Amino acid sequence: MVLAAVNGASSSCYQPAVQALLPQTVPAESRRAALALSRIASSSAMIVGASLGGVLVATIGPGWGLAVDAASFALAAASFALIRVQVAPPAPSPGLVHELRIGWQEFTSRSWVWVIVVAFCFLNAGITASFTVLGPAVADTTGIGRSGWGLVVAAGSLGAVAGGVLSLSWRPRRAILVGCALMGLTASTPLLLALAPYTWALVVANFVAGVGIEQAGVAWYSTLNEQIPEDRLARVYAYDDLGSFLALPLAQFAAGPAVLLLGLQATLYAAAALILLATLAMVAAPSVRALVPKAAEPLPASEDPVPG
């Protein structure tokens, strides 16, 4: 448990830092493509890594398999150490509290940011309770089985890869609004678990949901990269991670008691409703609906090009 806590804390430091580092490695016009490629690589690595892990355990044993896994983290750290970016020397910091306050002001001053983060807090709770906790339990008690559930999980990762590839060529004018709306596709998993727990139905639904999640992820991070000043980006990412995942432990803990109190089907319906309500809150917010890329914003009248 101690190691798990240390790992979680390390990941919390890693994610905001690496997300803020990415925009510094490529030109501004290439950031969305670079973000999409990064996420494609991450999703693909999850698929390959799971398969490779099984091969290693079968051939050289679990201990050596874990050793290879640890070596991969060391290789990743060495790769990060080789990255060079051109940035201005950091100014003397007034202190941690001041840094947190500046990040909080940047976070709360943009209504579209905190609306999406709060909605994702509830949306992630619904996904975690239904997919991570209750999904395997339903699989064990139906014809899905553990192998079938593995296919369902793999379909989500494949959908994420497909969504990343799609985002390289497709960018809606209101990308963040479209991405938020597509998150509603994730409600299909708890609904199918409750109404029609069939393997291939869940495989298709989870693949489509993976595409939607990836579209939302690329739109969200590219919009933050574009709209937030570079020197405050990591702080906003940190508050984003805190808010988006705040409800995950509670959802994991509450899923079991909710089943005992409400029943399995009712709990799955509640999870789907939570996801759909959170999605509706995002797409209904005026600040989210009005947000467009800076390049697509209309020029003021005085700056309109003179007709030729």
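The structure holds four aromatic pairs, where rings of Phe, Tyr and Trp (its six-membered ring) pair if their centres lie within 6.5 Å, and planes under 30 degrees apart count as stacked, over 60 as edge-to-face and the rest as tilted. Two of these pairs, including the places of their residues, are set out here.

| Pair | Centre to centre | Angle between planes | Class |
|---|---|---|---|
| Phe131 and Trp149 | 5.0 Å | 40° | tilted |
| Tyr221 and Tyr237 | 5.5 Å | 45° | tilted |

Because Phe131 lies in helix H5 and Trp149 in helix H6, their pair ties together parts that are 18 residues apart in sequence. Tyr221 in helix H9 and Tyr237 in helix H10 (residues 233-244) are 16 residues apart. Phe131 and Trp149 are buried, as are Tyr221 and Tyr237, buried being under 20% relative accessible area with a 1.4 Å probe, protein chains only. Helices are DSSP runs (H or I, at least four residues), numbered from the N terminus.

In helix H8 (residues 188-195), Thr189, Pro190, Leu193 and Ala194 are buried. They cover an arc of only 130° around the axis, which puts them on the same side of H8, the arc being that of the directions from the helix axis to the C-beta atoms. These buried residues pack against helices H5 (111-141), H6 (145-169), H9 (199-227) and H12 (264-284), contact meaning heavy atoms within 4.5 Å.

This is a predicted model, in which local features need pLDDT of at least 70 and side-chain atom pairs count only at pLDDT 80 or more, while totals for chains, interfaces and linings use all residues. Residues are numbered from 1 along each chain as its sequence is written, and side-chain values use heavy atoms, with hydrogens and water left out. The mean pLDDT (the predictor's confidence in each residue, from 0 to 100) of the protein chain is 82. Over residues 296-308, pLDDT stays under 50. Where pLDDT is low, the predicted coordinates should not be read in detail.

Terms used. Buried means under 20% relative accessible area, exposed over 50%, partly exposed in between (1.4 Å probe, protein chains only). Helices (H or I, at least four residues) and strands (E, at least two) are DSSP runs, numbered from the N terminus.
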